[in-house]
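Here's a quick tour of a ligand site and a helix pair. Have the viewer open as you read.

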Amino acid sequence: MPNTPNDLATATTATSGSKAITEQKILTGDRATGQLHLGHYIGSLKQRVELQHNNQQTILVADMQGLTDNGNNPSKVADNILNVVADYLAVGIDPAKTTICLQSGIPALAELTMYYSNLVSIARLERNPTVKSEIQGKNFGRSIPAGFLSYPISQAADITAFQAQLVPVGDDQLPMLEQTNEIVRKINSLANSQILRECQPLLSNISRLPSPDGKSKMSKSLGNVITLDASDKAISQAVKAMYTDPNHLTIDQPGQVEGNVVFTYLDAFHPDAEYVAQLKEHYQRGGLGDGKTKQILTDCLQTLIAPIRARRQALIADKGYLIEVLKKGTEQAREESQQTLDKVKTAFGLNLI
Ligand code: TRP
């Protein structure tokens, strides 16, 4: 069980098929600001499908966190809640095994955020490297929404409300987990008892997938994503435009594999690692063209996405079912989080009535 800040430095890396993680309380979430994509799939969704069998897993559709930089454009969040739920179910997250819930439907999360915010300084929030770089990227100037600066506190509420031990996230989320554990220690010290649990990140082997042009991460706002319902044509166009080795001008020439996005994706998605290793060797030796490697990747991604796309299309056509799943999970989550809230209020001595 982690209990020092240094534990985050030794974050668990999940290796699919390796030693199974069992009997853990797991919480993770996604901002509801767009459809999920291949980056989410390989960085987290695939892992969640495996984890749900032997653990107690909760997945939060973070609509309130989505509002923290969309206060003036809330439909971007409202319109995407069911998209995210459809993505979850389409990849194989099973609502009978995983609690899928909606952040705005769980009042205890907002209440916990208010209590925790008295234990976190503005300076500490401004030091969070992820928030810092997001603030720069969004050009807020001096008009940073208070909710945005403090979203790590709300994320701490999400994690602790469910007493999560493991949080499967990308490496950009490590600062949030560090802040969460700082809050946990403060609350436990106030309570003089371990009422909250510290959490540990669970990083996937591939925690960040580059965009097809290789210049940045895959991101909806940058418009360079392959969604989980991409058509065969969209997949093949995205792969055709992928960055390879600019110095690999003829098929006969040796090519470079490092930084070659086609190989990064083959490593991430091709089921046969040995075959990919052979391809790399052939490419480095010379004699393997980019047209061929791109065709192999196109086939691989089309095969992966076709069944997900079909399930997703059926799900999105049945909104009533998606709402039902979300309602049921949210009710369950409400009860669980209320228990944590009661303990935290008691730690502050606010249990008079
Ligand atoms: N910050 C996460 C993201 O941007 C979403 C999120 C909200 C989350 N609450 C969480 C992730 C709790 C893990 C745990 O994707």
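How far is a nitrogen atom of the ligand from an N or O atom in the side chain of Gln65? The distance is 2.7 Å, and keep in mind that this is a predicted model.

For Asp158, an N or O atom of the side chain sits 2.8 Å from a ligand nitrogen. For Gln155, the corresponding value is 2.9 Å, again to a nitrogen atom of the ligand. As for cover, the ligand on its own would expose 370 Å², and the protein buries 88% of that.

## The shell around it

Strand E2 (25-31) and helix H9 (151-161) are the elements that give two or more residues to the shell. E2 has the largest share, with four residues. Besides Gln65, Gln155 and Asp158, the residues around the ligand include Leu27, Thr28, Gly29, Arg31, Ala62 and Ile159.

## Where H12 meets H14

Now for the helix pair. Helix H12 (residues 261-269) and helix H14 (residues 290-316) have axes that come within 10 Å and cross at roughly 35 degrees. The crossing of H12 past H14 is left-handed.

On the H12 side, the contact uses Val262, Phe263, Tyr265, Leu266 and Phe269. Their partners in H14 are Thr293, Lys294, Ile296, Leu297, Cys300, Leu301 and Leu304. Sorted by type, the residues of this contact come out as 10 nonpolar, one polar and one charged.

Terms used
Residues numbered from 1 in each chain as written. Predicted model: local features only at pLDDT ≥ 70, side-chain atom pairs only at ≥ 80, totals over all residues. Heavy atoms only, no water. Near = heavy atom within 4 Å. Polar contact = N/O pair within 3.5 Å; in protein donor to acceptor, adjacent residues only side chain to side chain. Areas by Shrake-Rupley, 256 points an atom, 1.4 Å probe, with all protein chains shown as cover. Axes fitted to C-alpha atoms, helices over the stretch in contact; angles between N-to-C directions. Left-handed = near helix turned anticlockwise from the far one by under 90°. Contact = heavy atoms within 4.5 Å. Nonpolar A, V, L, I, M, F, W, Y, C, P; charged D, E, K, R; others polar.
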